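Subject: Structure handover

Hi,

Here is the structure I promised to pass on.

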Amino acid sequence: MEGHCMKCKERKTMKDAQMTMTKRGGFMAKGKCGSCGTTICAICSKDNAEKAIKAGEAKKAF
Ligand SMILES: [Zn+2]
């Protein structure tokens with residue numbers, strides 16, 4: 001699972017990623033930057049969200 005880290009200003013691998021569902025029914029992964037520990041988020045499609053959960057890259061949190 002990757003997301004854009006605001007602090008590192010580049011894409012980073014997320015640590016402790018959790019897949020959440022937004023109010024509009026979209027998916028969002030939330031985790032910590034593997035480099036600096038800042039919380040980072042990534043918007044996901046339903047397909048990508050399910051793949052990430054199956055692959056164990058993100059924990060289902062909805
Ligand atoms: Zn970072």
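A word on burial before anything else: a residue is called buried when its relative accessible area is under 20%, exposed when it is over 50%, and partly exposed in between, using a 1.4 Å probe and protein chains only. Please keep in mind that this is a predicted model, where local features need pLDDT of at least 70, side-chain atom pairs count only at pLDDT 80 or more, and totals for chains, interfaces and linings use all residues. Residues are numbered from 1 along each chain as its sequence is written, and side-chain values use heavy atoms, with hydrogens and water left out.

Now the overall picture. The chain has 1 helix and 5 strands, in the order β-β-β-β-α-β along the sequence. Its radius of gyration is 11 Å, close to the 11 Å from the globule rule for 62 residues, so the chain is as compact as a globular protein of that length. (The radius is taken over C-alpha atoms, and the rule is 2.2 Å times the number of residues to the power 0.38; helices, H or I with at least four residues, and strands, E with at least two, are DSSP runs numbered from the N terminus.) Along the principal axes, the C-alpha atoms fill a box of roughly 30 × 25 × 15 Å.

Of the 62 residues, 31% count as buried. The accessible surface comes to about 4400 Å², and 50% of that belongs to carbon and sulfur atoms. Those areas come from the Shrake-Rupley method with a 1.4 Å probe, and for residues only the protein chains shown count as cover.

On charge, there are 14 positive and 6 negative side chains, with the centres of the two sets 7 Å apart. Lys and Arg count as positive and Asp and Glu as negative, leaving out His and the chain ends; each charge is placed at NZ of Lys, CZ of Arg, CG of Asp or CD of Glu.

Next, a few residues around strand E2 (residues 10-21). Lys9 sits in the loop between strand E1 (2-5) and E2, and it is exposed because its relative accessible area is 66%. Its C-alpha lies 23 Å from that of Ala52, which is 43 residues away along the chain. Lys9 also has a positive phi of about 60° although it is not a glycine. Most residues other than glycine have a negative phi. Asp16, in strand E2, is another non-glycine residue with a positive phi, near 50°; at 61% relative accessible area, Asp16 is exposed.

Glu10 is in strand E2 too, and with 42% relative accessible area it is partly exposed. Leaving aside residues up to four places away in sequence, Glu10 touches Gly3, His4 and Cys5, where contact means heavy atoms within 4.5 Å.

Cheers
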